[in-house]
Amino acid sequence: MATMTSVPETSRKPLSGAYGKATRTRRGRKMRDNLTGYAFLIGAIFCFALFSWFPMIRGIVMSFQHTKRGVTSWVGFDNYVRIVQDPSFWTAWKNTAYFTVLALVFGYVLPFVVAILLNELRHAKGYLRILVYLPVILPPASALFLFKYYAYDPSDAGLFNAILKFLHLPTSEWMQSPGMTMPAMVLASTWMNMGSAVLVYLAALQNIPGELYEAAELDGAGLLRRIWNVTIPQTRLILALLAMLQIVATMQVFIEPLILANGAGTQDSATTVAYLIYQHGFFQNDLNGAAALGVIMLLVLAAFSAVYVRLTTKQD
Amino acid sequence: MSVPQYRKVAALALVAGLGFSLTACSTKSDDDTSKSAGGKTVITVDCQPDGSQKDLLKNWNDDVAAFEKENPDVTIKSVSVGQQCDNPPDFTARLTGGTMTDVFYGYMTDLQQVLDSGQAMDISQYVSKDTIPTWDSVDPALKAVFTDDNKVYAVPTKNYSMGLLYNKTLFTKAGLDVANPPKTWADVRAAAKKISALGGGVAGYSEYSAGNTGGWHFTAELYSQGGQILSADNKKADFNNAQGKQVLQNLKDMRYGDNSMGSRQLLQWGDLLTNAAGGKVGMFVGAPDATTAIVQTFQGKYDEWAMAPLPGQDGAAKGTLGGGEGYFFRKDLTPEQVKAGLKWIAFEKLTPGKGQFDYARAKPQNQPVGLPQPLLFANGSDAQKQEVDLRKANQNLPTENFALFEATPVPIKGEPANAQAIYAVLDSAMSGVLTNPNANIDELLKTAETKTNQLLASNK
């Protein structure tokens with residue numbers, strides 16, 4: 001075996017005088033070898049620095065400043081105190097959490113179920129995959145306008161209301177009804193985004209060795225049992241990863257309230273944290289307050305990410 | 001070439017390319033040439049009509065050419081920022097990003113945020129009869145709107161006051177007298193009920209409640225009740241009172257008491273005007289040029305629309321909202337650029353017979369001529385007389401539809417300080433009564449008051 005015949009690293013070290021020189025030479029060669037890699041990295045690093053890290057740092061700095069008449073001064077935590085005292089602050093967090101939970105229940109579970117169903121199909125798999133993925137190709141704004149003007153029209157002429165009426169079920173005012181705002185946003189968002197998740201799940205499902213299912217079947221496991229004991233454990237890492245990405249993405253929900261609810265919606269029922277940041281920054285001429293709220297959001301999302309990293313590291 | 005060498009060359013090319021791009025980015029954007037080129041003064045000006053407004057764009061470009069011919073030492077570089085030259089979030093983004101043109105368009109409500117951005121130039125020493133020949137005729141009240149601490153920061157180029165626009169066709173169908181439009185909010189309610197009874201998805205009365213426009217109209221309707229948005233010292237909200245409650249109660253009564261406002265709410269500017277152009281709106285509060293948008297952007301008809309003064313609660317309105325727009329100047333301009341900018345604005349916006357007042361050109365293009373707007377010049381001034389004469393000589397729309405509005409002036413009140421931010425807050429109160437049958441008006445106003453006071457405190 002390789003480990004038995006290989007020479008230990010320490011025994012290959014040259015003797016004293018030549019040691020330093022050899023190390024330097026090796027390091028130099030390593031550097032030269034990797035130079036190409038570093039050169040290619042520069043582009044990515046530059047883009048990250050310019051478009052991600054710099055705005056982030058600038059945002060953090062701005063959150064401790066106040067600008068008036070072109071003069072910027074340091075104000076400590078004033079912006080944070082002010083933003084927390086905004087009557088919409090807790091509403092926005094509550095709405096965001098509600099959206100995230102709903103999106104997790106529907107937008108996370110549904111693609112997994114659809115992927116399992118697609119994976120089980122013997123025929124028309126390709127066509128159905130395309131069908132599921134089609135909404136992802138639509139620009140989000142266009143898809144949301146479709147929902148806004150055709151599906152969620154509060155009159156009986158609206159698509160969903162027409163269907164509900166046909167089924168003799170009570171109709172809804174959709175985005176105009178405070179109670180329906182978030183579920184309606186989640187529905188549109190799930191329809192728009194589930195295609196990508198379905199494809200990822202499908203890829204993961206297809207990597208599960210068929211023998212595992214055969215063994216389970218021989219042991220008398222039914223469909224649900226096979227999903228519970230084979231599919232879920234085998235796709236655990238992908239499930240965890242997508243859950244994390246889903247949480248981080250849905251907590252930044254912005255375009256849905258902006259288009260579907262024309263902003264804050266009925267009595268702030270559509271105000272999310274990201275929309276509140278936008279409102280402070282671009283409607284209230286309060287970029288410093290917006291930056292403070294952005295930093296708070298960053299911390300919350302970082303905490304989620306840390307929990308995820310910890311959990312997945314433990315599992316690995 | 002071996003693979004590693006090939007890679008090295010590719011990497012070197014990449015680094016060199018990036019280096020060049022960085023250099024290009026860091027190069028100062030031809031600052032000097034933008035101020036003067038070949039001995040000419042160069043200025044950039046925004047709000048050029050966009051490609052979809054063919055006649056207006058041609059007029060603008062022709063005007064630029066004519067101006068440059070008259071002033072061979074000046075070059076105008078036009079920039080289009082969309083049909084709505086000041087969409088608040090876009091405007092704020094451009095202002096914050098420092099990408100405004102040398103001479104830039106803004107609403108009267110933008111003065112504070114332009115000053116806060118530190119980008120506006122005090123043009124007091126430049127603006128006079130020498131640079132703008134009609135300056136002495138410009139309504140002093142409009143000049144005051146763009147003046148802060150005795151310093152002039154912008155030149156007004158348009159103003160408006162609000163009234164009640166109504167669809168004559170729907171009025172007639174509903175058995176209402178087109179010559180006798182509603183005078184009070186009770187009349188509006190009764191008429192809206194009759195118009196909505198026509199069915200077909202027609203809203204008797206329609207109202208905004210999103211995109212800052214809800215707050216804008218709340219303000220106009222509060223003025224009609226005799227109220228005000230802020231206390232006299234601009235330090236506190238002053239709408240959580242009987243007048244504010246009455247505004248919301250009127251709307252709630254029409255929306256849920258009579259179901260006369262249609263089912264679609266959370267409307268903003270384009271939504272309402274699209275419905276109006278489609279013959280689905282009986283009445284709405286607006287300025288005269290709302291009809292221009294209805295006709296030119298949303299394919300409605302001038303003949304259908306008439307305008308009355310804003311209704312009051314028990315009699316005539318106690319006030320109406322006046323607003324408008326103007327052009328600011330970037331603070332880093334040279335004196336030559338400021339003078340060139342002022343000359344251009346004088347040419348395009350403040351000279352009877354030219355630019356926006358070239359009614360002889362506008363008439364055959366079916367641009368509206370005859371609207372009681374913009375009322376830029378003071379009553380009795382020379383410029384006003386010329387402008388009115390030209391307007392009458394070229395009118396191409398039924399001016400009698402606006403006669404009542406013109407003949408019944410209502411005291412005009414300007415927009416409050418920090419208007420756009422306050423309008424955003426008040427949208428919530430408006431959407432509350434228009435989408436929730438159980439909305440608690442007291443609570444809505446209380447919340448809006450708290451937010452407004454906080455906003456004012458943070459803007460100190």
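A residue counts as buried here if 20 or more other C-beta atoms lie within 10 Å of its own. Keep that cut-off in mind for helix H13 of chain B, where 12 of the 15 residues are buried, so the helix is largely enclosed by the rest of the structure. The model is predicted.

Stay with H13(B) for a moment. The helix runs over residues 335-349. At 1.5 Å a residue its 15 residues should span 21 Å, and the end C-alpha atoms are 21 Å apart, which agrees. The buried set includes Gln337(B), Val338(B) and Ala340(B). Gly341(B), Leu342(B), Lys343(B), Trp344(B), Ile345(B) and Ala346(B) are also buried.

Now widen the view to chain B. The chain has 18 helices and 13 strands. Its C-alpha trace spans about 80 × 60 × 50 Å along the principal axes. A compact globule of 460 residues would have a radius of gyration near 23 Å; chain B has 25 Å, which agrees. Of the 460 residues, 49% count as buried. Consider next the contacts in chain B with a separation of 6 or more: residues 24 or more positions apart account for 76% of them.

Chain B is assigned two domains. Domain 1 takes 32-159 + 323-392, and domain 2 takes 163-321 + 399-458. Their centres, taken over C-alpha atoms, are separated by 29 Å. Across the boundary, 11 residues of domain 1 of chain B are in contact with 17 residues of domain 2 of chain B. What is the make-up of the side of domain 1 that touches domain 2 in chain B? It divides into six nonpolar residues, five polar and no charged.

Turn to chain A. Here there are 14 helices and two strands. The radius of gyration is 27 Å, well over the 20 Å that the globule rule gives for 316 residues, so chain A is more spread out than a compact globule. The C-alpha trace of chain A spans about 85 × 75 × 30 Å along its principal axes. Of its 316 residues, 31% count as buried. For contacts in chain A with a separation of 6 or more, residues 24 or more positions apart account for 64%.

An unreviewed entry lists "domain: ABC transmembrane type-1" over residues 93-308 of chain A. In the model that span is 76% helix and 0% strand, with its end C-alpha atoms 21 Å apart. The unreviewed entry also carries the annotation "transmembrane region" for residues 35-54, 97-118, 130-151, 184-204, 235-255 and 290-311 of chain A. Take two of these stretches. Residues 35-54 of chain A are 100% helix and 0% strand, and the end C-alpha atoms are 25 Å apart. Residues 184-204 of chain A are likewise 100% helix and 0% strand, with the end C-alpha atoms 30 Å apart.

Leu187(A) sits in helix H8, residues 178-206. It counts as buried because it has 20 C-beta neighbours inside 10 Å. Phe147(A) is 40 residues from Leu187(A) in sequence, yet the two C-alpha atoms are 9.7 Å apart in space.

Val253(A) lies in a loop between helix H11 (236-250) and helix H12 (255-260) of chain A. Is Val253(A) buried or exposed? It has 23 C-beta neighbours inside 10 Å, so Val253(A) counts as buried. Beyond its neighbours within four places in sequence, Val253(A) is in contact with Thr96(A), Phe99(A), Thr272(A) and Ala274(A). Leu121(A) is 132 residues from Val253(A) along the chain, and their C-alpha atoms are separated by 34 Å.

Finally, bring the chains together. The contact takes 38 residues from chain A and 40 residues from chain B. On the chain A side, five elements each supply at least two residues: helix H2 (16-62), strand E1 (65-68), helix H3 (78-85), helix H13 (273-283) and helix H14 (287-315). Which element gives the most to the side of chain A that touches chain B? H2(A) does, with seven residues. By type, the side of chain A that touches chain B divides into 15 nonpolar, 16 polar and seven charged residues.

Key
Residues numbered from 1 in each chain as written. Chains lettered and ligands numbered in written order. Predicted model: local features only at pLDDT ≥ 70, side-chain atom pairs only at ≥ 80, totals over all residues. Contact = placed C-beta atoms within 7 Å. Helix = DSSP H or I, 4+ residues; strand = E, 2+ residues; numbered from the N terminus. Nonpolar A, V, L, I, M, F, W, Y, C, P; charged D, E, K, R; others polar. UniProt positions renumbered as here; feature names shortened; annotations may be inferred. Domains from an automatic or database assignment. Expected span 1.5 Å × (residues − 1). Rg over C-alpha atoms; globule rule 2.2 N^0.38 Å.
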